Amino acid sequence: MNTIKVREALKQFILEDIGDRDETSESIFSKSAGSVTAEIVAKDAGVFSGEQVLHTYFTLFDHEINITSSKTEGQFIEKGDVLATLEGNVYTLLQGERVLLNVLQRLCGIASTVHLAKERLNDPSIRLCDTRKTAPGLRMFDKAACRAGGGYNHRNGLHDAVMLKENHIAACGSISKAVRRVKAIAGPMMKIEVETTNAEEVKEAVAAAADVIMFDNASPDEIRTYQKLVPPSIRTEASGGIDLSTIHLYAGTGVDFLSLGFITHSVKALDLSMLLKRG
């Protein structure tokens with residue numbers, strides 16, 4: 001992730017939580033209060049993500065906070081594992097605790113979900129991808145977490161690829177017309193993906209020379225049928241209606257990618273705590 005963007009995003013998260021002051025910590029401690037040691041501990045098993053966040057976050061408060069990581073990006077963690085040890089001013093650590101944990105828990109949750117999805121799919125020929133169904137303001141973090149879990153990033157936004165969805169096609173009148181309009185404007189490096197919902201649309205997307213064809217809300221059997229209509233030069237993706245309980249059904253369908261909205265829009269955070277060491 002871009003270091004400057006990470007720092008600016010974290011600043012906004014901190015401002016939202018602290019506002020003008022930390023009423024609790026300021027009532028108990030002075031800003032020159034003594035140094036303490038704290039540990040970030042996993043309360044669930046999963047996959048770690050957020051190493052860059054961990055090492056950036058407290059520099060926004062105090063460069064004297066010392067952080068020692070016990071896990072690296074994408075490493076598996078067990079319940080009870082210490083993910084990091086922090087040493088520094090008690091006032092600063094307590095003031096910054098909640099936001100740091102909120103971000104890390106979400107990222108670890110996403111990475112863990114992607115890892116579990118890969119295990120349940122059990123088909124290394126198919127890449128699992130995220131989508132744009134991310135929390136506003138968290139997209140770069142969510143997508144980094146997807147990579148940490150062994151997944152791949154779909155387009156980052158509307159700016160870096162063309163995806164002709166149902167409404168674009170309806171507004172243009174047909175897949176052929178929509179692709180033709182894009183090719184008249186877009187440069188040679190811009191990929192064009194077309195969303196399809198039936199065999200006729202797949203054939204039309206093939207004839208229009210799309211770079212990627214998405215089978216939207218297609219069953220595994222339908223995907224196998226559609227896949228036979230697509231030449232090897234065109235990559236394929238399946239999306240819609242896939243979750244952890246059904247993903248195994250898509251093994252062996254022949255698609256290149258499965259895009260999974262649930263890994264970010266419905267993710268369950270991995271439970272973490274920051275605990276001060278006594279004595």
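## Lysine 165 and its partner

Let's start with lysine 165, which is partly exposed at a relative accessible area of 31%. Keep in mind that this is a predicted model. Which residue forms a salt bridge with lysine 165? That's glutamate 195, and the closest N and O atoms sit 3.1 Å apart. The two come from distant parts of the chain, 30 residues apart: glutamate 195 is in strand E8 (residues 192-196), while lysine 165 is in the loop between strand E7 (162-164) and helix H6 (166-172).

Side chains of opposite charge can pair when their charged atoms come close. How many salt bridges turn up in the whole structure? A search finds eleven.

One of them joins aspartate 142 and arginine 106, at 2.8 Å from N to O. Is aspartate 142 buried or exposed? Its relative accessibility is 0%, so it's buried. Arginine 106 is buried too, with a relative accessible area of 18%.

Elsewhere, Arg21, Glu23 and Glu26 are linked in a network of salt bridges.

## One face of helix H9

Now for helix H9 (residues 220-227), whose buried residues are Pro220, Ile223, Tyr226 and Gln227. Looking down the axis of H9, you'd see these buried residues fall within an arc of 120°, so they line one face of the helix. What covers them? The cover includes helix H8 (199-207), strand E9 (212-216) and strand E10 (235-239).

Key: Residues numbered from 1 in each chain as written. Predicted model: local features only at pLDDT ≥ 70, side-chain atom pairs only at ≥ 80, totals over all residues. Heavy atoms only, no water. Buried < 20%, exposed > 50% of the residue type's maximum accessible area, 1.4 Å probe, protein only. Helix = DSSP H or I, 4+ residues; strand = E, 2+ residues; numbered from the N terminus. Arc of directions from axis to C-beta. Contact = heavy atoms within 4.5 Å. Salt bridge = Lys/Arg side-chain N within 4 Å of Asp/Glu carboxyl O.
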